[in-house]
Amino acid sequence: MTPDTAGDSGGEAAPGSESDSRPVVYDLAPDCTVEDVDVGANYHAVVNGVVEYGIFVDISDEVSGLVHESNLDRSYEVDDRLTVTLTEIRENGDLAFDVFSASTYRTVVVDHEPELTPIEDLDVGDEVHVEGQVAQIKQTGGPTVFRVADETGIVSATAFREAGVRAFPAIELDDVVRIGGSVESHEGTLQIEVDSMARLDGDDAAETRQRLDAAIGERAEPAAVEPLVEWPAFEKLREDLRDLARLLRRTVLEGRPIRVRHHADGDGMCASVPVQLALSNFIESVHDDDEASRHLIKRLPSKAPYYEMEDVTRDLNFALEGQARHGQRLPFLLMLDNGSTEEDVPAYENLTYYDMPIAVVDHHHPDPEAVEDLLAAHVNPYLYDEDYRITTGMMCVELARMIDPGVTDDLRHVPAVAGLADRSKAEVMEEFIALAESEGYDRARLLDVGEALDYAAHWLRYNDGQSLVNDVLNVGCDDEDRHHELVDFLATRAERDVERQMDAAASHLDHERLDSGAHLYTVDLDEWAHRFTYPAPGKTTGKLHDRQVKEHGEPVITIGYGPDFAVLRSDGVRLDIPRMVSELNEEIVGGGVSGGGHLVVGSIKFVKGMREDVIDSLIEKMADAELDAELTSQAAVDTEL
Amino acid sequence: MTPDTAGDSGGEAAPGSESDSRPVVYDLAPDCTVEDVDVGANYHAVVNGVVEYGIFVDISDEVSGLVHESNLDRSYEVDDRLTVTLTEIRENGDLAFDVFSASTYRTVVVDHEPELTPIEDLDVGDEVHVEGQVAQIKQTGGPTVFRVADETGIVSATAFREAGVRAFPAIELDDVVRIGGSVESHEGTLQIEVDSMARLDGDDAAETRQRLDAAIGERAEPAAVEPLVEWPAFEKLREDLRDLARLLRRTVLEGRPIRVRHHADGDGMCASVPVQLALSNFIESVHDDDEASRHLIKRLPSKAPYYEMEDVTRDLNFALEGQARHGQRLPFLLMLDNGSTEEDVPAYENLTYYDMPIAVVDHHHPDPEAVEDLLAAHVNPYLYDEDYRITTGMMCVELARMIDPGVTDDLRHVPAVAGLADRSKAEVMEEFIALAESEGYDRARLLDVGEALDYAAHWLRYNDGQSLVNDVLNVGCDDEDRHHELVDFLATRAERDVERQMDAAASHLDHERLDSGAHLYTVDLDEWAHRFTYPAPGKTTGKLHDRQVKEHGEPVITIGYGPDFAVLRSDGVRLDIPRMVSELNEEIVGGGVSGGGHLVVGSIKFVKGMREDVIDSLIEKMADAELDAELTSQAAVDTEL
Amino acid sequence: MTPDTAGDSGGEAAPGSESDSRPVVYDLAPDCTVEDVDVGANYHAVVNGVVEYGIFVDISDEVSGLVHESNLDRSYEVDDRLTVTLTEIRENGDLAFDVFSASTYRTVVVDHEPELTPIEDLDVGDEVHVEGQVAQIKQTGGPTVFRVADETGIVSATAFREAGVRAFPAIELDDVVRIGGSVESHEGTLQIEVDSMARLDGDDAAETRQRLDAAIGERAEPAAVEPLVEWPAFEKLREDLRDLARLLRRTVLEGRPIRVRHHADGDGMCASVPVQLALSNFIESVHDDDEASRHLIKRLPSKAPYYEMEDVTRDLNFALEGQARHGQRLPFLLMLDNGSTEEDVPAYENLTYYDMPIAVVDHHHPDPEAVEDLLAAHVNPYLYDEDYRITTGMMCVELARMIDPGVTDDLRHVPAVAGLADRSKAEVMEEFIALAESEGYDRARLLDVGEALDYAAHWLRYNDGQSLVNDVLNVGCDDEDRHHELVDFLATRAERDVERQMDAAASHLDHERLDSGAHLYTVDLDEWAHRFTYPAPGKTTGKLHDRQVKEHGEPVITIGYGPDFAVLRSDGVRLDIPRMVSELNEEIVGGGVSGGGHLVVGSIKFVKGMREDVIDSLIEKMADAELDAELTSQAAVDTEL
């Protein structure tokens, strides 16, 4: 290092220093070593020995040398102070000094710049210095535990002040610090027992931050993976997915937790399970602690087609508890197969303020102008004039592979499951299916896996069902036979329950022919279907609709309604449900109409007492709806109904 | 100490001892020191050395001295036994004995009375003796952990007998014990590794208990805090609050857990959050263990306006599990903004039997004669001819300050939030608001905070939402901006949901003019309002009512009803709902009518099939109700509806 | 041991070995001791000393001896190699060898067969070898922890490779292993710190497995207990119960977790609580770890009268998580007072595949041909032409006593509680009651305990309420008074709630006289009863029915119905509900009729819109039902309604 920049760790020059032409004499800290000195520089020194041929001087506890008697103009005694110039560092390590005599000079204090050890190189028993960014500060009943990330890894550093009392209270999350201490093994995991810890400020901090940032940026770089199938439409999204993969890898490298919220259906599972697997793998490779992935990634199913208040309050409270109790950063929120619409904006606005970055991967019709500014990343085929056919599961398989290419072998069948579950008309569906077939899945089984996921999601309710879902989807499952058996079991039960529901409801379908020529089927699900069981009204309506389409061909509209809701499905008719909802809301005073959907599917809520008005008015509007043979009902109706 | 009382640790004199005139010879335990002996007393001794000028005798392992040859009437050899009298303790510590010769005497065994170390003075490495009361006995897979409280603090003492086997099985919760052992540091927390542990009995126990009790009584003394605003009506309650503060501080000092049940609305939050903060602070100051407050205080929202069976069974089971699994005392139950009525009696009766003391702070109309005997404390303005205008939040801010005056700066705005949330007409409301304004809260924000608390409580359901609620109320929240942002978010969402509900329901209000001249508004909320969302029927009715009052002035009654319930609100009419309910219950056979409330607000339940009868009969009664311009609908209707 | 079998640990002979007539020379592993050698066998040796009278040779690090010079035909130097024959092991332990000279021989490698220490004999500080079967493999952030069971106990063995990295990855659950290591005390529990661990294969494994199996079989043998009362009908079931007791004890000895699912009513509690207590005791006696019973047995109430999908998915996911996270075996599922019917088959099929053995103790009418093949044990009185009168509680008290006879004193009153709760007409009911009376319970209290259990089960919902339930049933409760008080409290509240329900509903009962002469009472519980509280529709119908029977005598049928269900109870009429359900299902298209029950009780579900058709049709069928004075409504209606 160069002494002439060594002292100004505060980054502020002394007043008038620019014009200060006085020579500098360095005052070395006691722990400075020969690495901290330069030939030609001046130092404050103390005599520690007087010999015939000169005097020995200390310029720090670690650095001494000789001033030859030829350079002395007077006699010295031990402990005399003087200033010296370093004239030579000999090959054998000896230092030679001259006396430095100046009538005026200014003193610059020099701290020892210790040799830094990269976290990945720590070994038990070493005395080390580490520089990194603080990712977590957990106060235990005993010591304070700092998780510190440098460009090579993350390690725990424990500092003890008093039982349960915060050590180094000035150090905060995200600070860049230098830690000195000894490396110990605690229950088999390396940790640093802290002797010294200092926050870097000013230029030092900026420099280190820049260095860490660059290194982490490099490590965050996603893998370059070949597409599983060639699909030009998908390629438009690849850069967005790469950006998100980079962001998620960086999030892991910085030690921030990740919370995944996903639509609780087949496609949502096909999206979230691979990403969770890839992130868990990456977390384990970054952290030295096997439990890390359990603390740092959590997947949660969402019942509603938007980020509803109950989920928001819980997530936020959970995040704040994690911060208060474990000193964790607030989590990164990853919304999958959900989260692209205006309905999500208020929640996002709040979370953003809380330093909770949000990213969305979704294939539902987005309100980009509303959400874009609030998101750290937004991947959605509609942003590139593509549509729901590119399912979230398909996107997230690629995303997972970019995060950890090692998961590829586990995922080849997943895009086919996702596509079939969401009834995707993607032009490459057959290729995805062929790819899955090459892994031993035939089309019937792929459909069964989708049904089984849906069925499991229904009964698991708010539970992520981690192990069960992995076995159903056969991702991170080590027993192929078990996967088969489980899918058979769940798919058979799902089918039985659907049959039971069809038996009850199908004979109660009312039929009429609209002026447009479309067939309209309506059914009161409160009266004619089993409630509070599988399949719920949304799926029940879908299944009834599919049967009618299969039997009578298009155009067909089906309405399944209950006391205060209606689910809509159509094939061959352009319904434009959002427009209908907004018209109904204006026309029917006190109807409390709300809802959403797209051209061919949707759901509506209203107050019970206005049901007849709402349904009648809805049917009138449908009678006027334009036929369009191109339009077919797509994914499962996304509704919490 | 005085040897003549030292030996009777059993507290019971030997049979016939009163008339026993034989001299006493003490038999000292081996670890007795010079502190256990008195000049003039007689001791059993053993010769341990024979010298020219006499014999050296041991009267314990620690206490020896000389019998001068001038006092010997025969010769002794080493190990000879004899009885001696202590004649002198010289300045240099030497002891001088005479031979004690008596043809008859009785022996009293003396245990060593070790020097006791106060828990607050424990230091690592010390060998100590501690006396205290057992507050918890936790059997781990390894040692048994005793939590012991003395007059200065609480510490863990670990005793090992065999893995997972209870050490000192005779020692029970609440016993007074003397522990000998060495002080060690376990994960940074001090604990005593037990060498010896004995239960004190009889007089010793009584004396120690008295000493601990006195000291704990002193430490339990609440802080003398100045009222935040001058308010004579409130001062009537101050002594009751001080008594409760003392009781809660004592509960903490004795290591008993505290379980807080509170009404899940704005005022209930304003009551419970400050008390929880103050108690947590105090727990942390008493215990050496940072995790203590997590184990020792738990706050739980209650949906019902009384202590309902589901909560009782859960609390009781939780308490018993804590006792069985962690060896904790059964908790102290603190009911806030809830719990003053007859409806709570059966649960209280049961808990009291279980050694679970109960205290209530409430401002709902109490049934004091029913609950009083069952409560360790009952603070309620109605007990002093005051009323709901003194809200529970206002009382609990003072209570919290008495427990820990350090919380005052965090709480100055809370009484205003509580008062506005519960629509208090307290004469000092403007002063509370001014106080809050001086802390930077204007009236609009105070109202918003109340709404936000209510809204958060709705979505958090049975979760206490600790961190989120603290941020909303800005108590123990370290980020003012975050508080603002969060309140904005929640209040805006709450307002939007209320608007949506008003849009649906308001146009369906039925109006009639009662004979009394009062306006009556009724609405079927099952038909015309959104169900199972925010605002629930109780709040929906309140909001509809407020609008009508604002528009048409008083007197106004509003009834919002569903299939099996009705919510009542009135301004300017004396309804006396409890009387109405009891009349309805008699008049309508098979109506299953129950419910409660006060003069101007209330709720009623009935069986669905009798709804028309109940509502009609209710309206008839209302037609006869006396007008009273003084009466205005007060707090949010306290109902789980 | 015999060297000639020592080396072939792989269990496979060398090619051509059968016909190999060359003599064998053993090559001993360095740690072989004198226990590994036999007189007459040949060994590879090395000279370690040359003396006048011969040479000293080592045949392992531990085994040396002399070849006398009389047996030498040439001179040797230190480190020379040769082959020798062991000729004698002298009394003083000295070994004598001859030189073994053969022109051809084959070498067999001999591993040291260490002396094995039984797990129950482990002591801190010992260096030991243990052989056992792996019952759990838990990877921690530090070492890998293996739970190993031998014929005497279960112990943890910790092996460290690298932090969080699986040690001995080749070792799997259920493998038979030999472990060498030192016994340490970890938080007071013994564990082995592993130095070596090897899987036994082939014959060695088979032999050890056989030995463990035989020993565990012996330890699994249930206790021979005398019946609490003499009851020939019950004796038919005793062997089945013994078999199940043996199976459960074996399950514990092998370290597999047990999950108990039981009907959430009085009889179900009387069945499950004793079994849980007995198994917990046995687990604690087998494991050295006090926490073991918490991890290894879990009791869960089931609301439905069969193993419903929500429970199945949760249990399965929980089991898989336990396997993934704690390396546990998948659990043994024990169904109590539930699980005998065809409805349970699909779930069983799936679980069986997952290596989750299932056993059922039930007294509901079984479908034995459907379930038998899937169950490891099935105890049901109907399998022996007995019926529901032998309640599950009665059976499980005996089962518990066979598992741990020490629980007997705690259980004498339980059969009476179970029998009264389920209205058993067992001929020995009076004897059970007399037995309970001799323990201080009169009939009124026994009924109260049953009511209190039912009431607690209602409010605890999915919580097992361990401590509370134990106190109510007075099993494993150490405070008799508390039990009394708690039962009073709950039974009184239950009675009050039942009264409230009767007050509402009783006056709305519709009466008609059927052609058969039976009285029919019907009531719309949705209209005339309180919903979503205690008592639920099933119990409400039962209580209404009982009143009518008491007032009007038999024959009586009662139907309590709601929007989409009906509950049926009868006395003196042969309804045969399963037949009625299947007829209704055929006759009423789109009715969605399902349900079940027995001759006199049952429940039916249907879609709301078909209620009138279903109820009318049901009543027609009932009008035709044969009277049979023998038939009385038995146990509480088993329905989730």
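Helices (H or I, at least four residues) and strands (E, at least two) are DSSP runs, numbered from the N terminus. The structure discussed here is a predicted model, in which local features need pLDDT of at least 70, side-chain atom pairs count only at pLDDT 80 or more, and totals for chains, interfaces and linings use all residues. Residues are numbered from 1 along each chain as its sequence is written, and chains are lettered from A and ligands numbered from 1 in the order in which they are written.

Chain A may be taken first, by its domains. Domain bounds come from an automatic or database domain assignment, and for chain A this gives domain 1 (3-110), domain 2 (119-219), domain 3 (221-488) and domain 4 (509-623). The centres of domain 1 and domain 2 of chain A, taken over C-alpha atoms, are separated by 33 Å. An unreviewed UniProt entry lists residues 40-100 of chain A as "domain: S1 motif"; UniProt positions are given in the numbering used here, feature names are shortened, and annotations may be inferred rather than shown by experiment. In the model, the span of residues 40-100 of chain A is 0% helix and 56% strand, and its end C-alpha atoms lie 10 Å apart.

A residue is buried if 20 or more other C-beta atoms lie within 10 Å of its own, exposed if 12 or fewer, and partly exposed in between, with C-beta atoms placed from the backbone. By this rule Asp204(A), Thr208(A), Leu212(A) and Ile216(A) of α2(A) are buried. These residues are on the same side of α2(A) because they cover an arc of only 80° around the axis, the arc being that of the directions from the helix axis to the C-beta atoms. An α-helix has 3.6 residues a turn, so residues three or four places apart point the same way. The buried residues of α2(A) pack against β8 (127-139), β9 (144-150), β11 (176-186) and α3 (232-253) of chain A. On the face turned away from the buried side are the exposed residues Gly202(A), Glu207(A), Gln210(A), Ala214(A) and Glu218(A).

Chain A also touches its partners. Two residues are in contact if their C-beta atoms, placed from the backbone, lie within 7 Å. With chain C, 34 residues of chain A meet 27 residues of chain C. On this side of chain A, α15(A) gives the most, with 9 residues. With chain B, the contact takes 27 residues from chain A and 33 residues from chain B. Here α6(A) gives the most to the side of chain A, with 8 residues.

Within chain B, helix α11 (residues 414-421) is largely enclosed by the rest of the structure, because 8 of its 8 residues are buried. Among the elements that cover the buried residues of α11(B) are α4 (266-286), α9 (392-403) and α12 (429-438) of chain B. Just after α11(B), Arg423(B) takes a positive phi of about 55°. Elsewhere in chain B, Leu190(B) lies in strand β12 (residues 189-199). Leu190(B) counts as partly exposed because it has 19 C-beta neighbours inside 10 Å. Its C-alpha atom is separated by 7.4 Å from that of Val155(B), 35 residues apart along the chain.
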